[in-house]
Amino acid sequence: MAIVQPSVFLKLQSGKLTGDQVLKSQKKLKDLEGVFQDEQIRAALPQESLIYEVQAFMPIAEGKSGGLFFGNSTIYPGKIGAEYHMTRGHFHSNLDTGEYYWGVKGEGILIMMDEDRNVWAEEMSEGSVHYIPGKVAHRVANVGEELLVFNACWPSDAGHDYATIAEKGFAARLVEVDGEPKLVDS
Ligand code: F6R
Ligand code: ZN
């Protein structure tokens, strides 16, 4: 019986995944129309600027139940007006499915919103562990001066509902007020 090498490695210092099966995607400013409060500022900034990148290891078909996916997200520092760089955010299409996020490096804030549009947030930093329950939309903002890196693990049948957030947004936004991150009603 052969003892083989794993096909994917996690670089613990950087949170990055390596291996042939690791999928990669990038979100540039041009891909984030309507995500930030000030669409005029977003549209006027260089559209090729990289805002965040995601790596994912998805060893079974997406949508099949019983499996787990593993990911890495890196958000570049910066703001669009007063609002920090952040992910689009989503509910899972299979609403009951939860997710773990954990901080690897940098300073972030995980913003969550339930179906009644109640919003709350958790500080994210190296080693912070975040349980995102089912039926809860989630997005992360980089509130520091460096890269924000976090990893994630979610069920293979979770799916992603971006449309609800694209249509209705989150009920609160994370903006800089007097040099500090504040959650304000949107
Ligand atoms: C997976 C998950 C993360 C995000 C990633 C990018 O369920 O929550 O891997 O997909 O942080 O954010 P979105 O997908 O909102 O653009
Ligand atoms: Zn998710």
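**Notebook: aromatic pairs and the zinc site**

I looked up F69 and W154 and found both buried (under 20% relative accessible area, with exposed over 50% and partly exposed in between, 1.4 Å probe, protein chains only). The model is predicted, with local features needing pLDDT of at least 70, side-chain atom pairs counting only at pLDDT 80 or more, and totals for chains, interfaces and linings using all residues. Residues are numbered from 1 along each chain as its sequence is written, chains are lettered from A and ligands numbered from 1 in the order in which they are written, and side-chain values use heavy atoms, without hydrogens and water.

I then noted that Y100 and Y131 form a tilted aromatic pair, 5.5 Å centre to centre with 55 degrees between the planes (rings of Phe, Tyr and Trp, the last by its six-membered ring, pair if their centres lie within 6.5 Å; planes under 30 degrees apart are stacked, over 60 edge-to-face and the rest tilted). Y100 is partly exposed at a relative accessible area of 43%, and Y131 is partly exposed at 47%.

At the zinc ion (ligand 2), I listed H90 (NE2), H92 (NE2), E99 (OE) and H138 (NE2) as coordinating residues, at 2.1 to 2.3 Å; donors here are N, O and S atoms within 2.8 Å of the metal (3.2 Å for Na, K and Ca), and since water is not among the atoms, sites may look incomplete.
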